[in-house]
Amino acid sequence: MLSIANKVIVKHAVTKIRYGDVLLTYGSSLAVEMILLHAHELGKQFRVVIVDSRPKLRGQQLLRRLVEKGLNCTYTHINAVSYIMHEVSRVFLGAESILSNGTVYSRVGTASVAMVAHASRVPVIVCCEAYKFHERVQLDSICSNELGDPDAISSVQGRVDVNHLDGWSDIENLQLLNLIYDAMPSDYVSMIVTDYGMVPPTSVPVIVREYGREQVWL
């Protein structure tokens with residue numbers, strides 16, 4: 001069931017999808033999924049490129065749902081993003097949080113996708129609810145992050161022959177780093193679509209302030 005915030009985001013973001021567009025997204029975002037489905041229901045003709053990465057491969061779940069609804073989709077992994085980006089009209093990304101300096105905190109790999117899009121002059125549109133905006137400032141993804149299970153990146157599911165890192169925990173001078181999130185600089189973001197409307201990254205502090213005031217009155 002869609003929240004009011006998601007409904008407003010969908011209403012605004014769908015206006016940015018035009019006939020014949022090739023839209024790229026990374027992983028799986030509920031807001032982006034709802035935007036794509038609503039645009040399809042409106043009869044807009046477009047193609048979706050879903051970029052994914054190990055170990056979670058959440059893009060496969062999104063791919064399955066979109067294909068079942070009849071959307072034209074292409075699926076690839078993040079190592080091919082620079083190749084596929086030349087075909088893309090717009091990039092739609094979700095976010096776990098947006099910080100007051102415009103940094104987008106999202107699933108690891110998101111910043112890489114946005115960087116390639118920026119270099120290819122492809123607009124990057126971030127879809128995020130206002131309650132995820134935070135007054136905190138962060139410049140990189142190392143000073144504060146979450147660590148995932150290192151065993152998740154030491155093997156490849158379904159490939160027993162890929163066993164080069166078996167027993168890695170017994171090696172004293174080896175550590176596996178499985179970061180969950182990364183920090184995308186605001187320079188890579190063309191527009192943020194939120195329940196307050198469509199705003200540039202420079203307007204994030206205003207939304208943080210106004211949303212904070214609303215919560216006080218509530």
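Is tyrosine 105 buried or exposed? Tyrosine 105 is buried, at a relative accessible area of 12%. Buried here means under 20% relative accessible area, exposed over 50%, and partly exposed in between, with a 1.4 Å probe and protein chains only.

1. **Basis.** This is a predicted model: local features need pLDDT of at least 70, side-chain atom pairs count only at pLDDT 80 or more, and totals for chains, interfaces and linings use all residues. Residues are numbered from 1 along each chain as its sequence is written, and side-chain values use heavy atoms, with hydrogens and water left out.

2. **The seven-strand sheet.** An open sheet of 7 strands runs in the order E3-E2-E1-E4-E7-E10-E11, with mixed pairing. E3 and E11 stand at the edges with a single partner strand each, so one side of each has no neighbour in the sheet. The twist averages 25° from one strand to the next. Helices (H or I, at least four residues) and strands (E, at least two) are DSSP runs, numbered from the N terminus. Two strands pair if DSSP finds at least two bridges between them.

3. **Helices on that sheet.** Helix H1 (residues 4-13) packs on the sheet and touches E4, E7, E10 and E11. Its direction makes about 135° with that of E10. H5 also packs there, touching E1, E2, E4 and E7, and its direction makes about 160° with that of E4. Contact means heavy atoms within 4.5 Å. Axes are lines fitted to C-alpha atoms, for helices over the stretch in contact, and angles run from 0 to 180 degrees between N-to-C directions.

4. E7 and strand E10 (residues 191-194) run parallel, joined by 3 bridges. Isoleucine 125 stands opposite methionine 191 in E10. E10 then pairs with strand E11 (residues 197-199) in the antiparallel sense, over 3 bridges. Here isoleucine 192 stands opposite valine 199 in E11. E10 and E11 form a hairpin, with 2 residues between them.

5. Threonine 76 is in strand E3 (residues 72-77). It counts as buried, at 16% relative accessibility. Not counting residues up to four places away in sequence, threonine 76 touches Val49, Ile50, Val51 and Asp52.

6. **Aspartate 21.** This residue lies in strand E1 (residues 21-26). Aspartate 21 counts as buried, at 6% relative accessibility. Its side chain reaches the backbone nitrogen of arginine 18 at 2.8 Å. A polar contact is a pair of N or O atoms within 3.5 Å; within protein, one must be able to donate a hydrogen and the other to accept it, and residues adjacent in sequence count only if both atoms are side-chain atoms. Leaving aside neighbours within four places in sequence, aspartate 21 is in contact with Lys16, Gln45, Phe46, Arg47, Ser89 and Arg90.

7. **Nonpolar cores.** The largest nonpolar core has 33 residues, of which Leu24, Met85, Val91 and Ile98 touch the most other members. Elements giving two or more residues to this core include E1, strand E2 (46-52), strand E4 (90-94) and helix H6 (204-217). H5 gives the most, with 5 residues. Another core, of 25 residues, lies apart from it; Ala31, Phe46, Leu71 and Val193 are among its members. A nonpolar core is a set of buried Ala, Val, Leu, Ile, Met, Phe, Trp, Tyr and Cys residues joined through side-chain atoms within 4.5 Å.

8. **The four-strand sheet.** A further open sheet has 4 strands in the order E8-E5-E6-E9, with mixed pairing. Strand E8 (133-134) and strand E9 (181-184) stand at the edges, each with a single partner strand. Strand E5 (residues 97-99) and strand E6 (residues 104-107) run antiparallel, joined by 2 bridges. Serine 97 has tyrosine 105 as its bridge partner in E6. Helix H5 (residues 110-119) lies across E6 and E9, at about 30° to E9.

9. **The aromatic pair.** The count comes to 1 aromatic pair. Tyrosine 105 and tyrosine 181 form it, tilted, at 5.3 Å centre to centre and 35° between the planes. Rings of Phe, Tyr and Trp (its six-membered ring) pair if their centres lie within 6.5 Å; planes under 30 degrees apart count as stacked, over 60 as edge-to-face and the rest as tilted. The pair links strand E6 to strand E9, 76 residues apart. Tyrosine 181 is buried, at 16%.
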